[in-house]
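Please look through the sequence and the structure below with this briefing beside you.

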Amino acid sequence: MTNSEYTFATKEGPLYKKGGPVIFAFHGTGGDEHQFLDAASQMMPEAKVIAPRGDVSEMGAARFFKRTGEGQYDFDDLWKRTEAVTRFVSNHVEASEPGTVIGLGYSNGANILAAVIDRSPNLFQHAALMHPLVTWDIDKAANAGTLDVLITAGARDPICPPDMTGKLADMLEDKGASVRTWWHRGGHEVPADEMAEIQKWFGELRAKVQGSGELPIQREDDGKKGRWFMRAASGHEAEMSYTWGKPGCIIIDHTGVPDVFKGQGLAKKLYRHMVDTVRAEGTTIVPLCPFVASMLKRYPEDHDIVDDHAPARVG
């Protein structure tokens, strides 16, 4: 069951289904549960977004833990609040049973998210930390090898100095996480290009979460050139392209799979679909694409689809 330890808002994206991704969004000082609710839902419409409101008031501004000054944390309170946020996230994860758990936090929200990751590194699979200031040493003992982290920051941020951002990235990598850092030239503000980078990161997550199993192989052909392709909801595509040569013969020139699909066997799926389609249509191929040429060497039983005048190196 979920608890009522925090006031929170939730929003299911238009493509959300039970068991889909869940995003926990943590606001910055003075923000509230609505600060990133809509933006997160728009960036990943397959997800449910859950956004708690910090329960500490600093001169009327909501925060997730106490501090005694800029960058000076009340660590007794921080670790107490970290346990509370961890319970909140864990209870919602238990209730939603998501396939993927994602964290998004800005400033104070990024700091509480980093604290939860430090103490419970397997609770999240992905986390975006916007302008974090982590002043404590991240525990290396608890491995975070399954965690993917994006850190965004300002090169002239007076609140979160760049050297501290770099130190956090190093500590998370030492903990086993995969870390990507992105900078803008300004300070603590969140400009449009930073949100664009966050959106790009979410696009990659959408492709990873959807995976290749659900992606149909489609075909485009204008009579001169064409391709078979698999397109994720994020817009990422894996493709095998060709041009028409002599009648009944296509020249396959390229196979491309973006990094977000690496390790899922999409290139091989495209190859096998191409072989089956060419056989069914009674056409032949000239395999100029190195990947297709290598597959033909691996599967000599497919040589019946190769044009008689194809380069000898294909055999």
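In this predicted model, strand β15 runs alongside strand β16 (residues 284-287) in the parallel sense, and four bridges link the two. Between these two strands comes helix α6 (residues 266-281), and together β15, α6 and β16 make up a β-α-β unit that is right-handed.

**Strand pairing around β15**

- Within the parallel pairing of β15 and β16, the residue that Ile252 stands opposite is Pro287, which belongs to β16.
- Strand β15 (residues 249-256) also pairs with strand β14 (residues 237-244), but here the sense is antiparallel and the two strands share six bridges.

**Aromatic pairs**

- The model holds 15 aromatic pairs when ring centres within 6.5 Å are counted.
- Among them are Phe36 and Tyr106, whose ring centres lie 6.3 Å apart with 70 degrees between the planes, an arrangement that is edge-to-face.
- Because Phe36 sits in the loop between β2 (22-26) and α1 (37-43), while Tyr106 belongs to strand β8 (residues 101-106), this pair ties together parts of the chain that are 70 residues apart in sequence.
- Are the two partners buried or exposed? Phe36 counts as buried at 10% relative accessibility, and Tyr106 is buried as well, with a relative accessible area of 13%, since the cut-off for buried is under 20%.
- Tyr73 and Phe75 form another pair, and because their planes stand at 65 degrees, with the ring centres 6.1 Å apart, this pair is edge-to-face.
- In this second pair Tyr73 counts as buried, at 10% relative accessibility, whereas Phe75, at 32%, counts as partly exposed.

**Charges over rings**

- Which ring does the charged end of Arg63 sit over? The ring is that of Phe65, and the charged end of Arg63 is 5.1 Å from its centre.
- A further arginine, Arg272, lies over the face of Tyr299, at a distance of 5.5 Å from the centre of that ring.

Conventions:
Residues numbered from 1 in each chain as written. Predicted model: local features only at pLDDT ≥ 70, side-chain atom pairs only at ≥ 80, totals over all residues. Heavy atoms only, no water. Phe/Tyr/Trp six-rings, centres within 6.5 Å; stacked < 30°, edge-to-face > 60°. Buried < 20%, exposed > 50% of the residue type's maximum accessible area, 1.4 Å probe, protein only. Lys NZ or Arg CZ within 6 Å of the ring centre and 35° of its normal. Pairing = 2+ DSSP bridges. Right-handed = clockwise from strand over helix to strand, strands pointing away.
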